[in-house]
Amino acid sequence: MSDILFNVGYGHFLVLAAVLFLIGTAGVMIRRNALIILMSVELMLNAANMTLLTFARMWGDLSGHTFALIVIAVAAAEAAVGLAIVVAVFRGRRNVDVDRLTTLRH
Amino acid sequence: MKVLLLILTMLLTLGAIDAIAPQLAVADPIPAQAVNKGRTTTKVVKRSPHSDKIESNGKGMALLFWAFAAATIGGALFVVTRRNLIAAVMGMVGCFLGISAVYMMLYASFLAVIQMLVYAGAIMVLFVFVVMILNRPEDEPVAPTGRAGKALGGLAIVYLVGRLIFMLMKVQPPNPLTAINAPAAVELPGDTVGTIERVDWGSVKAVGWDLFGPGLFVFEAISLLLLIAVVGAIAIARPLHEDQDNQSEPFHPPRDEAAEAAAAAAAAASSGGHA
């Protein structure tokens, strides 16, 4: 037990990333506000980044850092476009509840 | 009051990062002989700036890890559970500060700074602006699924958590002893031919050599992607017509019941007249 508590290793970082990813997944599944869903997606991307950095550290390979940097750039682009879509949806409907966006259903 | 607490928490986090940062960015110095074998002209021109070999293991560092992991998880839970959007964004910022500190513990100092700048700085400001536009708390934040749906979703999440933790805890590192010790310095070509420069693992220079070497094409592709995203965001968020903003809620004139009754009476009268 004290080994797990006081001897922080790769597994700790990986489990932290997994828990973060699962919280993000739960947010995407449970919440109805499109903004919160976007933030949960960002959480999942961050969890993946943490895993990348942990494995880069584990194998002594710096390309994991490059990959994480690129993931951050893609996340920024995704946030910009996603928020633009949220604003456009809000302009037409006055709410961003994803359960009420049923125009494309059927 | 809550805002003050949040700001206090963020300041404490920043202070803690500041306190541990100098102990973390450390490279393991390699004896110069190890570099010299094979090539006689090779010489090391610069030692790593931090050669005091402080390692991030021990109980204090473990406690810091748990503290920042708690900040990360707590912030993430805050995002998922809060009804107030601003509170969710602030939880997100706290989560990102914790993640940044965890990156420092992984010796990814450049990525930690980028995380702070890009996420906690830029992306969260974008979110706050959109929250300002929307500024409307949800009526019912959680999707109303039945009891069966909730039980099924909860079971699925618990299974995923257990499975992931079980798998990740079994990951075998190539060299367990280096688990949290300072990583070896990265060797790069020096300024003049035939020399080798050692820089810290995860530093700007080391990441830059990888980014602009093998990752050059991806880097250029990312610049194109960002350009497309900026143009696309403007194209999507712009109103289709100049006056669309004013017409977004269609104008329904209030019903004039007296006039309707009169019209109905007139219609009845006219039809009755014809009959």
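The legends below describe close-up views of a predicted model.

Figure 1. Chain B contains ten helices and three strands. Read from the N terminus, its elements follow the order α-α-β-α-α-α-α-β-β-α-α-α-α. Of the 275 residues in chain B, 33% are buried. Among contacts in chain B with a separation of 6 or more, 65% join residues 24 or more positions apart. The accessible surface of chain B is about 16900 Å², and carbon and sulfur atoms contribute 68% of that surface.

**Figure 2. Helices α4 and α5 of chain B.** Helix α4 of chain B spans residues 85-105 and helix α5 of chain B spans residues 109-134. The two axes come within 8 Å and cross at roughly 175 degrees. Angles over 145 degrees count as roughly antiparallel, and α4(B) and α5(B) are therefore roughly antiparallel to each other.

**Figure 3. Residues in the contact of α4(B) with α5(B).** On the α4(B) side, the residues are B:L85, B:I86, B:V89, B:M92, B:V93, B:F96, B:L97, B:I99, B:S100, B:Y103 and B:M104. They meet B:S109, B:L111, B:A112, B:Q115, B:M116, B:Y119, B:A120, B:M124, B:F127, B:V128 and B:V131 of α5(B). By class, the residues of this contact comprise 19 nonpolar, three polar and no charged.

Figure 4. The structure holds four aromatic pairs over all chains. In one of them, the ring centres of A:F13 and B:F65 lie 5.0 Å apart and the ring planes stand at 70 degrees, so the pair is edge-to-face. The cut-off for a buried residue is under 20% relative accessible area. A:F13 is buried, at a relative accessible area of 1%, and B:F65 is also buried, at 2%.

**Figure 5. The ring cluster of A:F13, B:F65 and B:W66.** B:F65, which is buried with a relative accessible area of 2%, also pairs with B:W66. The centres of these two rings are 5.4 Å apart and their planes are at 70 degrees, so this pair is edge-to-face. B:W66 has 32% relative accessibility and counts as partly exposed.

Note on methods:
Residues numbered from 1 in each chain as written. Chains lettered and ligands numbered in written order. Predicted model: local features only at pLDDT ≥ 70, side-chain atom pairs only at ≥ 80, totals over all residues. Heavy atoms only, no water. Helix = DSSP H or I, 4+ residues; strand = E, 2+ residues; numbered from the N terminus. Buried < 20%, exposed > 50% of the residue type's maximum accessible area, 1.4 Å probe, protein only. Contact = heavy atoms within 4.5 Å. Areas by Shrake-Rupley, 256 points an atom, 1.4 Å probe, with all protein chains shown as cover. Axes fitted to C-alpha atoms, helices over the stretch in contact; angles between N-to-C directions. Parallel < 35°, antiparallel > 145°, perpendicular 65-115°, else oblique. Nonpolar A, V, L, I, M, F, W, Y, C, P; charged D, E, K, R; others polar. Phe/Tyr/Trp six-rings, centres within 6.5 Å; stacked < 30°, edge-to-face > 60°.
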